[in-house]
Amino acid sequence: MNPLLKTLLLSFMLSTTISACSSSDDSSDNNEQTEQSDDNSGSTDNGSDDSSDDSSDGTSNGGNTENPDTALFNAWVINNTGERSSQITESDGVTMALINVQSVSAETNSGATYALVTATGIPKYDVTITEEIYDDLVNRPLADDDFFSGLPTVSVGDVVEFGQNIGYDTFGPCQNSAGEGYWPPGLQCPEVIDKAGYFPIEPEPTDEACDTGLGVNGYWVNGTSVYNWGDGQSYNNEQTWWNLAPIAEQYDVDICGGHSAQGDYHHHFYSSCLADLVGDQGNGHSPIYGYAADGYPIYGPWEAQGQLAVSSWIVRDYSANSDTGCDDGQRSCTLVDPYDVAQGTTSSNVGPDLDAAVTTMSGNPLNAYNGYYREDYYWDSGLTAQGAPFLDQYNGHSDDTRGYHYHVTVTEENGKLIPYYPFTVGDRYAGKLADNAVSSCSGQGGGGLRP
């Protein structure tokens, strides 16, 4: 960054406040922290209006400014008024949970400046039940068992708050019964987590292969967690043919496409609720949806009006005469390197046939079509070489306005956005992970290794 620009940016951060909480300044020889903010004015990249401090829902989003450095401080959905959930409680079972992001502040550590984001991990999603959402609910394969009465207790036109009972037979552990009936059977309910994530204002490209892994890969702008493609499960538990969570867990998420693991609420893939939250209507380049652990922003799916950003990861041709195929035309081999198909294939544990039926951990039947497993994909460098709207191997690219950034990736089918691999951040991070990052190579605190 230009030294003058950096000085001006730090001066801006030191003179303004975007924290929902008041706190005293802490300082030490290595750390200097100052609460930050903007005036909650401006506009998002797609031209939608931003909310102000006195907005009816008590939150504000400073907008995704064109300067990538100030965007890191302005993009978050801040709870300015101490608003609390009406459905989810804190651990005492009495106090209702604070929602969204609580504060964003600048902190300097060993000469590098970070945005320190604090949050509870509980979002504010108010969802109007559409015919599409209702149909998805009643047409679940196991609807008779998933709902107490065999049907949801909501109707088209109802507005549902995050955590509100919609009739699911939630027999998973819900702390103090908060959130029961909002999540499908077997899932944990989210809990209030005192989250504190550091994101560098000057992310740097990495020079090593740093795999994303299970657990937190970043934060969405409302303080919930970004998770990658995986759910940690493989076909027959043989450590090959790894599930893609957005597919294998499609019946294990709420109406916003999220769920929790160990109390941590997260999204693996595109969420229409998150899109609504940031005002992404697809009439221009998407605004920022979140930040990855390396500090690079994650934008929504739109590259421009009417044009989606396009993943350069494509499914293999399993035909015996294909460079990516297997002798029997089925899942009997894997690629030596999915980043370089020229290295060929190697024999592996046999996976299900391409038209086989499989059963998920929650008992739902699905078709294991080509694209169900991680090993079904490879990176096509030729697509990346074409430039926008195609993305690189990390699921990102650069432009003159935003610098390097990731995209949430989807395809469009009959007007509906369908999550597409690698969904958010790619198989690897594009940037270096600092020692204080919310994740580490191969997973948060080593808590999940990429297969």
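Keep in mind as you explore that the model is predicted.

- Rolling a probe the size of a water molecule over the atoms shows where empty space is left.
- Five elements each give at least two residues to the lining of the second largest pocket: α4 (143–146), β13 (230–234), β15 (258–261), β16 (264–267) and β24 (357–359).
- Which element gives the most to this lining? That is β13, with five residues.
- Sorted by class, the lining holds 21 polar, 16 nonpolar and seven charged residues.

**Asp 146, a residue of helix α4**

- Look for Asp 146 in helix α4, one of the elements that supply at least two residues of the pocket lining.
- Is Asp 146 buried or exposed? Asp 146 counts as buried because its relative accessibility is 7%, and the cut-off for buried is under 20%.
- Setting aside neighbours within four places in sequence, Asp 146 is in contact with Arg 140, Gly 167, Tyr 168, Asp 169 and Pro 185.

**Two cis peptide bonds**

- Most residues other than glycine have a negative phi, and most peptide bonds are trans.
- Ala 388 and Pro 389 are joined by a cis peptide bond, with omega at about 10°. You can find Pro 389 in the loop between α7 (381–385) and β27 (396–399).
- Another cis bond runs from Tyr 421 to Pro 422, where omega is near 5°. Pro 422 sits in the segment after β30 (416–419).

**Two asparagines with positive phi**

- Asn 395 is a residue other than glycine with a positive phi, near 75°. Asn 395 belongs to the loop between α7 and β27, and Pro 389 is also found in the loop between these two elements.
- Asn 395 is buried, because its relative accessible area is 0%.
- Asn 414 has a positive phi too, near 55°. Its place is the loop between β29 (410–413) and β30.
- Is Asn 414 buried or exposed? Asn 414 counts as exposed because its relative accessibility is 86%, and the cut-off for exposed is over 50%.

Key: Residues are numbered from 1 along each chain as its sequence is written. This is a predicted model: local features need pLDDT of at least 70, side-chain atom pairs count only at pLDDT 80 or more; totals for chains, interfaces and linings use all residues. Side-chain values use heavy atoms; hydrogens and water are left out. Helices (H or I, at least four residues) and strands (E, at least two) are DSSP runs, numbered from the N terminus. Ala, Val, Leu, Ile, Met, Phe, Trp, Tyr, Cys and Pro count as nonpolar, Asp, Glu, Lys and Arg as charged, and the others, Gly among them, as polar. Buried means under 20% relative accessible area, exposed over 50%, partly exposed in between (1.4 Å probe, protein chains only). Contact means heavy atoms within 4.5 Å.
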